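Hi everyone, thanks for coming.

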Amino acid sequence: MTLALKLALGPLLLAQGRWTRWRTPVLPEAEGAREGRCGSGTALRLLIVGDSSAAGVGVSTQEVALAGQLTRALAQASGRCVHWRLVARSGATTAQALELLREAAPHRPADIAVAVLGVNDVVDQVPPPRALQARAALTDWLRRETGARHVVHAALPPMHRFPALPQPLRAVMGLDARRHDRALKQWCEGRKDASYAWMGMDLSPEVMAHDGFHPAEPVYRHCGHALARHIVSYRLI
């Protein structure tokens with residue numbers, strides 16, 4: 001159905017994509033430290049890797065972005081001292097995130113890694129099988145180079161609710177995102193060292209940044225707590 005829609009609406013979708021890129025403001029990544037400690041108790045080493053959502057685009061500081069929300073929630077829920085590090089870049093696909101990790105020397109050890117990726121695979125029209133190959137390479141690299149026991153892959157957001165995207169582009173990209181998300185969930189179910197974390201939030205314009213494409217603080221708070229619950233409830237620590 002997605003392919004048929006793309007073929008039928010190809011010229012319109014291309015025009016809408018160019019128009020959306022032109023009119024959507026480019027927001028900066030959140031300011032602040034990209035590593036630190038949170039809480040007290042036995043150390044838990046956490047690595048967060050990802051794209052603009054991991055980098056905190058849409059809010060002003062890392063304190064209220066995903067990294068800050070996740071690490072505080074995880075420290076509280078686990079009773080551990082979370083030693084965290086963030087490696088993220090706006091616009092990164094899954095394959096590009098792996099290259100970013102390789103360049104981010106030194107390769108420090110981690111107990112748990114969280115990957116927040118996928119939107120740019122959809123935007124760049126990376127086919128789901130190729131995106132999953134990149135996921136596998138990323139997971140294997142994290143396990144081998146950082147010693148992470150487990151890699152949590154955050155679900156893709158509901159792109160059919162992104163206010164910045166006009167119709168029918170929004171519907172088509174939403175369908176693509178759901179295809180990628182289903183493939184990711186199924187892939188994670190086949191691995192013992194990776195899991196799929198569903199965020200469980202249906203976006204509305206009120207909880208999005210003013211560009212209509214990135215999260216605002218309520219979304220980061222919700223997702224940070226959801227990821228922390230996933231890590232604790234799955235007994236990954």
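What you see is a predicted model, where local features need pLDDT of at least 70, side-chain atom pairs count only at pLDDT 80 or more, and totals for chains, interfaces and linings use all residues. Residues are numbered from 1 along each chain as its sequence is written, and side-chain values use heavy atoms, with hydrogens and water left out.

Okay, let's begin with L46, which sits in strand 2, residues 43-50. Is L46 buried or exposed? Its relative accessibility is 3%, so L46 counts as buried; buried means under 20% relative accessible area, exposed over 50%, and partly exposed in between, with a 1.4 Å probe and protein chains only. Leaving out residues up to four places away in sequence, L46 touches L70, T71, L74, V82, H83, W84, R85, I112 and V114, where contact means heavy atoms within 4.5 Å. By contrast, R23 is 23 residues from L46 along the chain, and their C-alpha atoms are separated by 36 Å.

That takes us to the core. A nonpolar core here is a set of buried Ala, Val, Leu, Ile, Met, Phe, Trp, Tyr and Cys residues joined through side-chain atoms within 4.5 Å. The largest one has 57 residues, and L46, V114, V152, M159 and L227 touch the most other members. Apart from it there is another core, of 17 residues, including A97, A104, L117 and V151. Back to V114: its partners, again not counting residues up to four places away in sequence, are L46, L47, I48, V49, L70, V152, L227 and I231.

Now the helix pairs. Two packed helices are described by the angle between their axes and the distance between the axes. Axes are lines fitted to C-alpha atoms, for helices over the stretch in contact, and angles run from 0 to 180 degrees between N-to-C directions.

Take helix 4 (residues 94-103) and helix 6: their axes are 8 Å apart, at an angle of about 25°. That makes helix 4 roughly parallel to helix 6; angles under 35 degrees count as roughly parallel, over 145 as roughly antiparallel, 65 to 115 as roughly perpendicular and the rest as oblique. From helix 4, T94, A95, L98, L101 and R102 make the contact, and from helix 6, A131, A134, R135, A137, L138, W141 and L142.

Helix 6 (residues 128-146) also meets helix 7 (residues 169-189), with axes that come within 10 Å and cross at roughly 40°. Those two helices are therefore oblique to each other. In this contact, P128, A131, L132, R135, A136 and T139 of helix 6 face R179, H180, A183, L184 and W187 of helix 7.

Over to helix 3 (residues 66-78) and helix 8 (residues 217-233), whose axes come within 8 Å and cross at roughly 40°. Here L66, Q69, L70, A73, L74, A77 and S78 in helix 3 meet E217, Y220, R221, C223, G224, H225, L227, A228, I231 and V232 in helix 8.

Most residues other than glycine have a negative phi, and most peptide bonds are trans. Which residue has a positive phi although it is not a glycine? Q125 does, at about 60°, in the loop between helix 5 (119-123) and helix 6. Q125 counts as partly exposed, at 42% relative accessibility. And Q167 and P168 are joined by a cis peptide bond, with omega about 5°; P168 is in the loop between strand 5 (150-154) and helix 7.

Methods:
Helices (H or I, at least four residues) and strands (E, at least two) are DSSP runs, numbered from the N terminus.
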